[in-house]
Amino acid sequence: QVQLVESGGGLVQPGGSLRLSCAASGSIFSVNAMRWYRQAPGKQRELVSGISRGGSTNYADSVKGRFTISRDNAKSTVYLQMNTLKPEDTAVYYCNADIHPNGSILDYSYWGQGTQVTVSS
């Protein structure tokens, strides 16, 4: 059984910082691309940032220069460092990863349970 577990959300004031973590565990052969999505109330889920196994990254325009994605392949973990947070960053943040389970010939897309980030004074 493969699962993604997120941590690091919380309440922060505008201009503050948070670091989200997402660890993959279970019977895993390899973890390939990893991504962070977010969903604000009444809005569609949107891609925030992604990182390939080799470290290539991409960001939504709304977070460029403020958020940094990174990963530790040895720990099967992806991080999202969020700086200069704004109220409009308030959302549930979800981790997503393309994982090749042991014994499979395919990659599958897995999702974490989500972690709430609230930016408010």
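Mentor: Before we start, one term: buried means under 20% relative accessible area, exposed means over 50%, and partly exposed is in between, with a 1.4 Å probe and protein chains only. This is a predicted model, where local features need pLDDT of at least 70 and side-chain atom pairs count only at pLDDT 80 or more, while totals for chains, interfaces and linings use all residues. Residues are numbered from 1 along each chain as its sequence is written, and side-chain values use heavy atoms, with hydrogens and water left out.

Trainee: Great. Are C22 and C95 buried or exposed?
Mentor: Both C22 and C95 are buried.

Trainee: And what joins C22 to C95?
Mentor: A disulfide, with an S to S distance of 2.1 Å. The term stands for a pair of cysteine sulfur atoms within 2.5 Å. A search of the whole structure finds one disulfide. The link of C22 and C95 is left-handed, with -80° about the S-S bond.

Trainee: Next topic: how many residues are in the largest nonpolar core?
Mentor: The largest nonpolar core has 30 residues, and W36, L80, M82, Y93 and I99 have the most contacts inside it. A nonpolar core is a set of buried Ala, Val, Leu, Ile, Met, Phe, Trp, Tyr and Cys residues joined through side-chain atoms within 4.5 Å.

Trainee: Which strand gives the most to this core?
Mentor: Strand 9, with five residues. Strands that each supply at least two residues of this core include strand 4 (28–39), strand 7 (67–72) and strand 8 (77–82).

Trainee: What does L80 touch?
Mentor: Not counting residues up to four places away in sequence, L80 touches a list that includes L20, W36, V48, F67, I69 and Y93. Contact means heavy atoms within 4.5 Å. L80 is also the bridge partner of L20, with L80 in strand 8. Six bridges join strand 3 to strand 8, and the two strands run antiparallel. Two strands pair if DSSP finds at least two bridges between them.

Trainee: And L18, where is that found?
Mentor: L18 is found in strand 3, and L18 is buried, with a relative accessible area of 15%. Among the residues L18 touches, not counting those up to four places away in sequence, are V12, L80, M82, L85 and V117.

Trainee: How many bridges join strand 1 to strand 3?
Mentor: Five bridges join strand 1 (residues 3–7) to strand 3, and they run antiparallel. One example is V5, whose bridge partner in strand 3 is A23.

Trainee: What about strand 4 and strand 5?
Mentor: Five bridges join strand 4 to strand 5, and these run antiparallel too. R38 stands opposite E46 in strand 5. The hairpin of strand 4 and strand 5 has six residues between the strands, and there G42 takes a positive phi near 75°.

Trainee: Which residue takes a positive phi in the hairpin of strand 5 and strand 6?
Mentor: G55, with a phi near 105°, in a hairpin that has five residues between the strands. Three bridges join strand 5 to strand 6 (residues 57–59), which run antiparallel, and I51 stands opposite T57 in strand 6.

Trainee: Switching to rings: how many aromatic pairs does the structure hold?
Mentor: The structure holds one aromatic pair. The ring centres of Y37 and W111 are 4.9 Å apart and the planes are at 50°, so the pair is tilted. Rings of Phe, Tyr and Trp (its six-membered ring) pair if their centres lie within 6.5 Å; planes under 30 degrees apart count as stacked, over 60 as edge-to-face and the rest as tilted.

Trainee: Last one: which ring does the charged end of R45 sit over?
Mentor: The ring of Y94, 3.8 Å from its centre. The charged end of R19 sits over the ring of Y79, 4.1 Å from its centre. A charge sits over a ring if NZ of Lys or CZ of Arg is within 6 Å of the ring centre and within 35 degrees of the ring normal.

Key: Helix = DSSP H or I, 4+ residues; strand = E, 2+ residues; numbered from the N terminus.
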